[in-house]
Amino acid sequence: MADVAVDGREERLVSGHSGRMLFLVSFGSMTLFSGQLVLSPLLPTIIAALAITPAQAGVALSVMRALVALCRFPGGRLADQLSRKTVLVAAYLLAVAGFLLLSVADSYEAFLLAVAVLGVGAGLYMPAALTQLTETFVARRGRAFGVHEIAVNLGGVVAGGLAVVAIGLPSWNAVFLPLVAVLVAVAALTHRWNRDDYVLSTDVSFDLRATGSRVFRDPRVLAMLAAFALMAFTWMGTSSFLTAFLRAEKGFSPALAANAFTGLFVVGIAANLVVTPLGDRFGHVRTAVGSAALCALGLGVATVASPAVVVLAGLGLFALGSASFWPLMIASVVDVLPADSVGGDYGVVSMTFMGVGSLGSTYVGVVAEHATYATSYLGLVALLVLVVVA
């Protein structure tokens with residue numbers, strides 16, 4: 001693969017310092033995402049094991065994702081004012097603690113504590129990771145974000161595989177122990193390969209009001225934020241209860257439902273190989289509009305169809321649209337944010353849309369408990385139409 005020189009340095013996707021940074025950030029994201037996402041296909045098992053309701057399960061996932069959202073801004077500001085390396089390693093260690101707590105959780109209260117700790121670690125991590133990529137890549141930024149998104153989708157494949165394995169285990173908790181080992185290794189390699197210094201200081205200015213004022217007065221950012229928030233709400237609501245929906249209302253077996261969940265991310269990998277380069281060529285926002293339209297069409301088909309093959313085809317379209325949407329829109333928003341404060345500014349943006357999105361799990365859980373999963377999913381289809389408009 002040819003190298004691209006920018007400001008006297010080479011941007012390599014698969015070798016050199018830039019390639020190592022892309023590998024570490026992508027592998028760290030894959031591991032963190034798989035650990036969060038495996039909770040979704042495990043929900044029927046967790047609900048039965050902890051003797052809780054779908055609404056309680058939805059609240060627990062919303063708590064985790066709300067903390068992911070709330071920690072995005074401080075994670076970005078700390079990455080800007082301390083160093084990317086400091087925040088990345090600290091986030092990894094917090095996530096390790098969350099996975100360890102999940103491996104022993106045997107009550108709803110312990111489960112809530114575990115997902116809360118995991119949420120804090122994941123929230124601090126992502127803005128530091130994305131600004132590390134933004135700092136490392138310029139000419140190949142869209143492709144780098146695409147590689148990162150492929151890794152995130154691989155995390156979904158890993159999550160689906162772990163869920164299938166968990167079916168044959170005496171306890172669902174055991175699936176988190178391999179993730180602990182992997183994340184410790186990623187933290188160790190980040191310590192060794194990242195060229196930043198560790199910076200520890202209490203003199204950190206968060207200044208949320210000034211950051212919010214700067215970010216939200218830009219109408220381009222507001223339009224992107226609306227699209228982000230609606231897509232996040234839809235994605236989190238859909239993915240959290242997808243296996244429960246397929247089992248309860250489509251008659252899928254536990255294994256088939258888990259494999260369908262995994263399929264979302266297999267399709268997502270293909271989507272990022274094909275679609276994200278189109279964003280670099282034809283425009284990120286323009287391409288993302290098509291992705292959102294595919295998302296709405298696919299989820300609508302999957303919700304109203306009966307034959308399993310049609311349901312799976314609809315989920316494939318949904319996966320194609322949702323997976324390609326994120327790197328396209330992230331590349332768009334970082335292009336319009338000030339370079340010297342992109343970590344904190346993107347932290348505010350992502351904190352806002354993730355905070356809205358975290359309510360998607362609660363929405364689906366509550367509606368499903370009082371009506372049906374299909375009813376809740378039809379509401380999400382309507383929101384996806386609004387994403388296209390935004």
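Is Ser-40 buried or exposed, and what is its relative accessible area? In this predicted model, Ser-40 is found in helix H2 and is buried, with a relative accessible area of 1%. When neighbours within four places in sequence are left aside, the contacts of Ser-40 comprise Leu-61, Arg-65, Ser-239, Ser-240, Thr-243 and Phe-261. Another residue of helix H2 is Ile-47, which counts as buried at 18% relative accessibility, because the cut-off for burial is under 20%. Ile-47 touches Ile-52, Thr-53, Pro-54 and Ala-57, residues up to four places away in sequence not being counted. Between Ile-47 and Tyr-108 the separation is 61 residues in sequence, whereas their C-alpha atoms are 9.4 Å apart in space.

The packing of helix H2 on helix H11 is considered next. The axes of helix H2 (residues 39-50) and helix H11 (residues 242-249) come within 7 Å of each other and cross at roughly 55 degrees. An angle of this kind falls between the range for roughly parallel axes, under 35 degrees, and that for roughly perpendicular axes, 65 to 115 degrees, and H2 and H11 are therefore oblique to each other. On the H2 side the meeting residues are Ser-40, Pro-41 and Pro-44, and on the H11 side they are Thr-243, Ala-244 and Arg-247. By residue class, the contact of H2 with H11 divides into three nonpolar, two polar and one charged.

Helix H11 also packs against helix H17, with the two axes 10 Å apart and at an angle of about 130 degrees; H11 and H17 are therefore oblique to each other. To this contact H11 brings Leu-242, Ala-244, Phe-245, Ala-248 and Glu-249, while H17 brings Tyr-373, Ala-374 and Tyr-377. The residues of the contact of H11 with H17 divide into seven nonpolar, no polar and one charged. Within H11, the residues Leu-242, Thr-243, Ala-244, Phe-245 and Leu-246 are buried, and the helix is followed by Gly-251, whose phi is positive, near 70 degrees. In helix H17 (residues 373-389) lies Ser-376, which is buried, with a relative accessible area of 0%. Apart from neighbours within four places in sequence, Ser-376 is in contact with Tyr-363, Val-364 and Val-367.

The largest nonpolar core holds 113 residues, of which Leu-102, Phe-111, Phe-228, Phe-325 and Phe-353 touch the most other members. Helix H6 (residues 108-136) gives the most to this core, contributing 13 residues. In soluble globular proteins, nonpolar side chains tend to be buried together. For Phe-353, the contacts that remain once neighbours within four places in sequence are set aside are Arg-72, Leu-225, Phe-228, Ala-229, Ala-232, Trp-326 and Tyr-346; Phe-228, listed here, is itself among the core residues that touch the most other members.

Aromatic rings whose centres lie within 6.5 Å were treated as pairs, and by this rule the count comes to 17 aromatic pairs. In one of them, the rings of Tyr-92 and Tyr-125 have their centres 5.3 Å apart and their planes at 40 degrees, so this pair is tilted. Distant parts of the chain are linked by the pair, Tyr-92 being in helix H5 (residues 84-102) and Tyr-125 in helix H6, 33 residues apart. Both Tyr-92 and Tyr-125 are buried. The rings of Trp-235 and Phe-318, by contrast, have their centres 6.0 Å apart and their planes at 20 degrees, so that pair is stacked. Trp-235 lies in helix H10 (residues 219-240) and Phe-318 in helix H14 (residues 308-336), so parts of the chain that are 83 residues apart in sequence are tied together by this pair. Trp-235 is buried, with a relative accessible area of 14%, and Phe-318 is likewise buried, with a relative accessible area of 1%. Trp-235 and Phe-318 belong to one aromatic cluster that also includes Phe-33, Phe-261 and Phe-265.

Definitions and conventions: Residues are numbered from 1 along each chain as its sequence is written. This is a predicted model: local features need pLDDT of at least 70, side-chain atom pairs count only at pLDDT 80 or more; totals for chains, interfaces and linings use all residues. Side-chain values use heavy atoms; hydrogens and water are left out. Axes are lines fitted to C-alpha atoms, for helices over the stretch in contact, and angles run from 0 to 180 degrees between N-to-C directions. Helices (H or I, at least four residues) and strands (E, at least two) are DSSP runs, numbered from the N terminus. Angles under 35 degrees count as roughly parallel, over 145 as roughly antiparallel, 65 to 115 as roughly perpendicular and the rest as oblique. Contact means heavy atoms within 4.5 Å. Ala, Val, Leu, Ile, Met, Phe, Trp, Tyr, Cys and Pro count as nonpolar, Asp, Glu, Lys and Arg as charged, and the others, Gly among them, as polar. A nonpolar core is a set of buried Ala, Val, Leu, Ile, Met, Phe, Trp, Tyr and Cys residues joined through side-chain atoms within 4.5 Å. Buried means under 20% relative accessible area, exposed over 50%, partly exposed in between (1.4 Å probe, protein chains only). Rings of Phe, Tyr and Trp (its six-membered ring) pair if their centres lie within 6.5 Å; planes under 30 degrees apart count as stacked, over 60 as edge-to-face and the rest as tilted.
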